Amino acid sequence: MLKVARLTASASHPDYPVEGCLDPRDHTGWSPAPQNQSQQNLTVTFDRPYATKDASYLTVMLVWGDGKFRYGQRLMAGDYKIFGISGVDDGTNIPVEIQKILSVPRHDRAERQTTALQLYYSQIAPEFKNLWYQLENLKERRQMLTDEFETMVMNKATKPRETYILDRGQYDQPTVKVSTGVPGFLPGVPEQNPGNRLALAEWLTARENPLTTRVAVNRFWEMLFGQGIVSTTADFGSQGDPPTHPQLLDWLAVEFYEQGWDVKHILRKILLSATYQQSSEGTPELWKDDPQNRLLARGARFRLQAEVIRDATLDVSGLLVERVGGASVNPYQPEGLWREVSHYGSSPATAQVFVQDHGEKLYRRSMYTYWKRTVPPPNMQTFDAPNREVCLVSRARTNTPLQSLVLLNDVQFVEASRNYAERIIKEGGDEIDSRIRFAYEEALGRAPEEWELKTVRAAYQRELKNYQANEGAAVALLNQGESQRDQGLPVAEAAAWTTVASMIFNTYEFITRG
């Protein structure tokens, strides 16, 4: 596949530089300056020569006017003069006004010319790239906080629609007219309240209706213990399992209601309980008699959810952005996934091309990751995150080799390992063993066993030797991800600790609650 290595143009509009031609979403583009009435030229240079012996034609798609007009031209291979050229292509993307300043000797330049040069260089210099990303993110954050945005609200009909029981579900065969109400075996809606959405909401959260609070606290319990007090979390009806501890379920439901539906309060109650703080270890007899831990005689042990694994990795590495609120973000994703299943569109939901974000948006909590239902984030889907095409109360839990491949090779986790390695070197002391202990305590919350210390030490020394012999591989590893690496650290040493950090992130203990 050919890739564009360079774009040059005879002239460009200040707001539409030549680089805009590479926007896959057609949101930007190249335009000559409005005052240029003569013909202009645009030169595209590919990363390698195009072999023409097996192809007689080259098809070019041109898009005008925000994607509204498209024009395809089939050219004979080797015919590079697509348009008549009157401008001069000097092989550079530097704007004409900057070239004029550069032609002036340094000691003869005015102060405003020097300032213009500094500004232009700061915009194209690779070492300032992340700073520009941060600046753009800050501008967007300010816009989100200060600008007004439309919000979807409910529009109440003047006259409610009449509803009927349909004969065998046929929309054109109404039978008996029905009115608003709730199941007869449950407490009814107060007569003074009208039969609208507000009345339904008040009924759902009323003290006389304990179903909502029971369902809620049971889901909290499943989140923390791996399974609910009622194991069939999605079914509290007659077909579901009975609660193993009905009095506990009732107490939690009442506590949740009386504390004003305070989620933090009820979670804190559970987390501080002796039941939750038990060790997940158990005797062979206990594992045999109660393999699913329905009696709560030991702590829960289960693999964490996809979002928690990603957030925990970023947190330990020091990359996680904990700021609350803001728009959805597009972190790293393999190229071309959206194109496989999508169609042309102008919104994120219908877009064909995934456009990755930069700067702090790459490290925001997973709850802010944009979720395209037909193409969920692949590194989360590997850890059983649902595609959200249908409502799913309880997720499946699997353990597959693909999960290890994600932890070891996905750019998000490799970059996190590299940043964690920098923390290990800077905060873990000067000795190898002290750094290993620091790494274990930060990631796993405990000191390493003696055999673990010996194993990791040997792994570090092996990787250090390998990277000292192949510095190119070390540099390639440390350049993964967009965050700036510490150039002052020895390359081979940083790469070896990156491998150690990746090993720890890939342990069963790191991705498991237990």
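Hi everyone, let me start with a definition: a pocket here is found on a 1 Å grid over the protein atoms alone, as an open set of points with protein on both sides within 12 Å along at least five of seven lines, and its lining residues have an atom within 4 Å of a point. Grid points are joined across faces, edges and corners, and a volume is the space filled by probe spheres set on the points.

What you see is a predicted model, where local features need pLDDT of at least 70 and side-chain atom pairs count only at pLDDT 80 or more, while totals for chains, interfaces and linings use all residues. Residues are numbered from 1 along each chain as its sequence is written, and side-chain values use heavy atoms, with hydrogens and water left out.

First, the overall picture. The chain has 17 helices and eight strands, taken as DSSP runs numbered from the N terminus (H or I, at least four residues, for helices; E, at least two, for strands). Of its 514 residues, 33% are buried, meaning under 20% relative accessible area with a 1.4 Å probe, protein chains only.

Now to the second largest pocket, which holds about 1200 Å³ of space. Its lining has 45 residues, and Glu-222, Met-223, Phe-302, Gln-305 and Arg-397 lie nearest the centre. Helix 5 (211–225), strand 7 (302–303), helix 9 and strand 8 (512–513) each give two or more residues to that lining. Helix 5 has the largest share, with seven residues.

While we're on helix 5, have a look at Asn-218, which sits in that helix. Is Asn-218 buried or exposed? It is buried, with a relative accessible area of 0%. Setting aside neighbours within four places in sequence, Asn-218 is in contact (heavy atoms within 4.5 Å) with Gly-228, Ile-229, Val-230, Thr-233, Phe-236 and Leu-249.

An α-helix has 3.6 residues a turn, so residues three or four places apart point the same way.

Note on methods. On a 1 Å grid over the protein atoms alone, a cavity is a set of points where a 1.4 Å probe fits but cannot get out, and a pocket is an open set with protein on both sides within 12 Å along at least five of seven lines; lining residues have an atom within 4 Å of a point. Buried means under 20% relative accessible area, exposed over 50%, partly exposed in between (1.4 Å probe, protein chains only).
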